[in-house]
Amino acid sequence: MKILSKPFRALVIGSSGTIGSGFVDLLQNNPSCVGVAGIHRNSIPPINYLDPDTIQTSAIALSQDGPYQLIINTIGVLHTSQWMPEKRLEDLNPDQLTELMQINAIGPALTIRHFLPLLDPAGSLMVTLSAKVGSIEDNRLGGWYSYRSSKAALNMLIKTASIELARTKPNIALIAMHPGTVNSRLSQPFRGQQIGRPAHDACTDMLTVMSNIESKDTGNFYSYSGEKLPW
Ligand SMILES: NC(=O)c1ccc[n+]([C@@H]2O[C@H](COP(=O)([O-])OP(=O)(O)OC[C@H]3O[C@@H](n4cnc5c(N)ncnc54)[C@H](OP(=O)(O)O)[C@@H]3O)[C@@H](O)[C@H]2O)c1
């Protein structure tokens, strides 16, 4: 049975972002969604992956609002004010690798851990946005060392957690999802405005994929088109 076949409540983590706010807008206008909440770095409660304690404190602060049948985590960085993606080995440095791992892999994994009690044990779905460039099998171009490797680590963390939950909480599905190239702050330095789709279109497609997910689909990596991607 499709997890989101009944009226559902949703939480968007990273709702200040381009894709995050796109999901909030769509869910607010979705008749099956009976309530949607959003949190981000500057919300009350705040969630900041450079301050990992905020992951648990925000989950505790929201615990009375649950259970949610859908949690979508959109937090992620490709570049920061300090870093642009590495083009070659000589660009590799420990600070950039550490920061991207912290925001793209460690933060989302701890979010799965601490927000698990907010998910409806009778049937719920947690989707974390990954990126196709995090697929090891699909890596043909190279470059973007820290972004690629942090999303690959994220994928492994999601897969591993999904295997554990299939045993302990079989009605909760964990999914990694690739949004496609979206015109956003993240893609802006890489011709995002020219080659990226509007967040509204990408989020519409991703919500269609989510609405068809069943418990047995847990531990998969899907594209916005519904295609199953190689890890
Ligand atoms: N856009 C694309 O083409 C594309 C392609 C593949 C995958 N993705 C993935 O899609 C997701 C959303 O990206 P987007 O395009 O919507 O980018 P975006 O507009 O830059 O949004 C990124 C989100 O991450 C949050 N964030 C950044 N650093 C954070 C931190 N330390 N702690 C907590 N939140 C933090 C931002 O919060 P603030 O608003 O406070 O900065 C914002 O909510 C990311 O995971 C990205 O890797 C995007």
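Visitor: Which residues does isoleucine 13 touch, leaving out those up to four places away in sequence?

Guide: Contact here means heavy atoms within 4.5 Å. Counted that way, isoleucine 13 touches Ile39, Ile47, Tyr49, Ile71, Ile72, Asn73, Thr74, Ile75, Thr111 and Phe115. Keep in mind that this is a predicted model, in which local features need pLDDT of at least 70 and side-chain atom pairs count only at pLDDT 80 or more, while totals for chains, interfaces and linings use all residues. Residues are numbered from 1 along each chain as its sequence is written, and side-chain values use heavy atoms, with hydrogens and water left out.

Visitor: Which residues touch the most other members of the largest nonpolar core?

Guide: A nonpolar core is a set of buried Ala, Val, Leu, Ile, Met, Phe, Trp, Tyr and Cys residues joined through side-chain atoms within 4.5 Å. Buried means under 20% relative accessible area, exposed over 50%, and partly exposed in between, using a 1.4 Å probe and protein chains only. The largest core has 33 residues, and Leu11, Ile13, Ile47, Ile71 and Phe115 touch the most other members. Two or more residues come from each of strand 1 (8–13), helix 2 (53–62), helix 3 (94–115), helix 4 (145–168) and strand 5 (172–178). These elements are DSSP runs numbered from the N terminus: helices are H or I with at least four residues, strands E with at least two. Another core, of 29 residues, lies apart from this one and includes Leu26, Leu27, Leu70 and Met210.

Visitor: How many residues line the largest pocket?

Guide: Start with the idea. Rolling a probe the size of a water molecule over the atoms shows where empty space is left. On a 1 Å grid over the protein atoms alone, a pocket is an open set of points where a 1.4 Å probe fits, with protein on both sides within 12 Å along at least five of seven lines; lining residues have an atom within 4 Å of a point. Here 49 residues line the largest pocket, and Gly76, Val77, Leu78, Tyr147 and Leu186 lie nearest its centre. Helix 1 (18–28), helix 3 and helix 4 each supply at least two lining residues. About 1300 Å³ of space lies in this pocket.

Visitor: And where is the centre of the second largest pocket?

Guide: Look for Met1, Ile3, Lys6, Ala122 and Gly123, which lie nearest that centre among 13 lining residues. The second largest pocket holds about 210 Å³ of space.

Visitor: How many disulfides does a search of the whole structure find?

Guide: A disulfide is a pair of cysteine sulfur atoms within 2.5 Å. The search finds 0. For cysteine 33, the nearest cysteine sulfur is that of cysteine 203, 13 Å away. Cysteine 33 counts as buried because its relative accessibility is 10%. Cysteine 203 is buried too, with a relative accessible area of 0%.

Visitor: Is tryptophan 144 buried or partly exposed?

Guide: Tryptophan 144 is partly exposed, at 26% relative accessible area. Its phi is positive, near 50 degrees, although the residue is not glycine. You will find tryptophan 144 in the loop between strand 4 (124–129) and helix 4.

Methods
Points joined across faces, edges and corners; volume = space filled by probe spheres on them.
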